[in-house]
Amino acid sequence: MATITGPIDVSALRARLDRASEAAGRAGVDALLISPGSDLRYLIGAGGDSFERLTCLALPVDGTPTLVVPKLEQPGYAGIPTDELGVEVVTWVDGEDPYALVKAAVKGSRAAVADMMPALHTIKLGTALGGPQSLAGPILRELRMRKDEAEIAALRKAGAAIDRVHARMGEFLRVGRTEREVARDIAVAIVEEGHAVAEFVIVGSGPNGASPHHRDSDRVIEAGEVVVIDIGGPVAEGYNSDSTRTYVMGEPSHDDVWDTYAVLQAAQQAAVEAVKPGVTCEEIDNVARAVIADAGFGEFFVHRTGHGIGLDVHEEPYIVSGNALPLEAGMAFSVEPGIYLPGRWGARIEDIVVATADGVESFNNRPHELVVL
């Protein structure tokens, strides 16, 4: 069932539909075929998931946008002002062929399908249209990675909400508790502080903190251990937070914690300060990586410096070596270098920032120092 939260800005969505259709034409396809997910939410304001029954927005370069939806799912889209958006709704019931309905809405056979559309639907749509298929992601990301004022406001709201959770960390993170117990309490707090759901909670204590994508476990947190807390989720508007802070349970049990963490803090600060329009994504990555490498920890920084964020936690632009894309005002992304010492401990500092007309704004404003609990 589709989900609709918050007010719908008809003029903004109509403009997005028009820009997406024009972009599809420039890309040489006849239509975009968008299944439920973040792309559909971006275009018409409705979230949701794909199921075995096809729901698909057919957005042709030439013709009327058409939402093909199972009749039993139609009530979930009742809050979408389809008439005002210029979107025709076509329903179907079990026993009918929804792929033929999509074909009827598209003039031509070349389609770009949503990146996350299930293969079940992608293959059948390809058969119905009889032409080549490509991914819609490269077309839509040119629109989605440049946030407008409303999107920036939603990201700012999400950043403030997750900051409030980090401010409460002393309530949850205590010696003698397991990572899973701490994660459970944090997930509740994420919702209490203004998110729709807790999308993810990482609690990495001691040697688990040296694994960047560790989630949680039954490991008991001990005195002197460094703990990485990486948390986030969407607010009602659908835009996500994602912020990491690193904590230590009293005096660190490793002698190198303070000096190593100071290197990480300097790298993260330098990378944030380097953000401005015209600087490339890979240059931001290089700034963070150089500080860490010069201090002798280069081999322990094992991931990119950042990722774009919006309706998805990870989206364009990616702040990584090899990405020569110049930053533009409205591009929002994480800056999150880390140092991970296998079998010992790890640390990461992460803020969500947006490039502004003349610099950068951070959506996360909790202290960057190693927090002693």
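This is a predicted model: local features need pLDDT of at least 70, side-chain atom pairs count only at pLDDT 80 or more; totals for chains, interfaces and linings use all residues.
Figure 1. Where would you look for aromatic pairs? A search of the whole structure finds zero of them. Arginines do meet rings, though. The charged end of Arg16 sits over the ring of Tyr42, at 4.1 Å from the ring centre. A second example is Arg289, whose charged end sits over the ring of Phe301, 4.0 Å from its centre.

**Figure 2. Two domains and Arg144.** The protein is divided into domain 1, covering 10-144, and domain 2, covering 146-372. Their C-alpha centres lie 34 Å apart. Across the boundary, eight residues of domain 1 are in contact with 12 residues of domain 2. Is Arg144 buried or exposed? With a relative accessible area of 8%, Arg144 is under the 20% limit and so counts as buried. Its side chain makes a polar contact with the side chain of Asp39, at 2.5 Å. Glu316 is 172 residues away along the chain, yet the C-alpha atoms of Arg144 and Glu316 are separated by 8.0 Å.

Figure 3. Which kind of peptide bond joins Glu316 and Pro317? The bond is cis, with omega about 0 degrees. Most peptide bonds are trans. Pro317 has its place in strand β11, residues 315-319.

**Figure 4. Asn364 and its surroundings.** Asn364 is found in the loop between β16 (360-362) and β17 (371-372). The side chain of Asn364 reaches the backbone nitrogen of Ile352 at 2.8 Å. Ile352 is also one of its contacts beyond four places in sequence, a list that includes Glu350 and Asp351. From other parts of the chain, Asn364 is in contact with Gly159, Ile162 and Asp163, as well as Asp242, Ser243 and Arg245.

**Figure 5. Pro337 and Pro342, two prolines in loops.** Pro337 lies in the loop between β12 (332-335) and β13, whereas Pro342 has its place in the loop between β13 (338-341) and β14 (345-348). Which is buried and which is exposed? Pro337 is buried, because its relative accessible area is 0%. Pro342, at 61% relative accessibility, is over the 50% limit and therefore counts as exposed. Distances along the chain and in space can be set side by side here. Pro337 and Phe301 are 36 residues apart in sequence and 7.0 Å apart in space, C-alpha to C-alpha. Pro342 and Gly310 are 32 residues apart along the chain, and their C-alpha atoms are separated by 32 Å.

Figure 6. Thr178 lies in the loop between α8 (169-172) and α9 (179-192), and Val182 has its place in helix α9. Thr178 counts as buried because its relative accessibility is 14%. Val182 is buried too, with a relative accessible area of 0%. Beyond four places in sequence, Thr178 touches Ser217, Asp218, Arg219, Val220 and Ile221. Ile221 turns up again among the contacts of Val182, along with Phe172, Leu173, Arg177 and Val203. Looking back along the chain, Ala167 is 15 residues from Val182, and their C-alpha atoms are separated by 14 Å.

Key: Residues are numbered from 1 along each chain as its sequence is written. Side-chain values use heavy atoms; hydrogens and water are left out. Rings of Phe, Tyr and Trp (its six-membered ring) pair if their centres lie within 6.5 Å; planes under 30 degrees apart count as stacked, over 60 as edge-to-face and the rest as tilted. A charge sits over a ring if NZ of Lys or CZ of Arg is within 6 Å of the ring centre and within 35 degrees of the ring normal. Helices (H or I, at least four residues) and strands (E, at least two) are DSSP runs, numbered from the N terminus. A polar contact is a pair of N or O atoms within 3.5 Å; within protein, one must be able to donate a hydrogen and the other to accept it, and residues adjacent in sequence count only if both atoms are side-chain atoms. Contact means heavy atoms within 4.5 Å. Domain bounds come from an automatic or database domain assignment. Buried means under 20% relative accessible area, exposed over 50%, partly exposed in between (1.4 Å probe, protein chains only).
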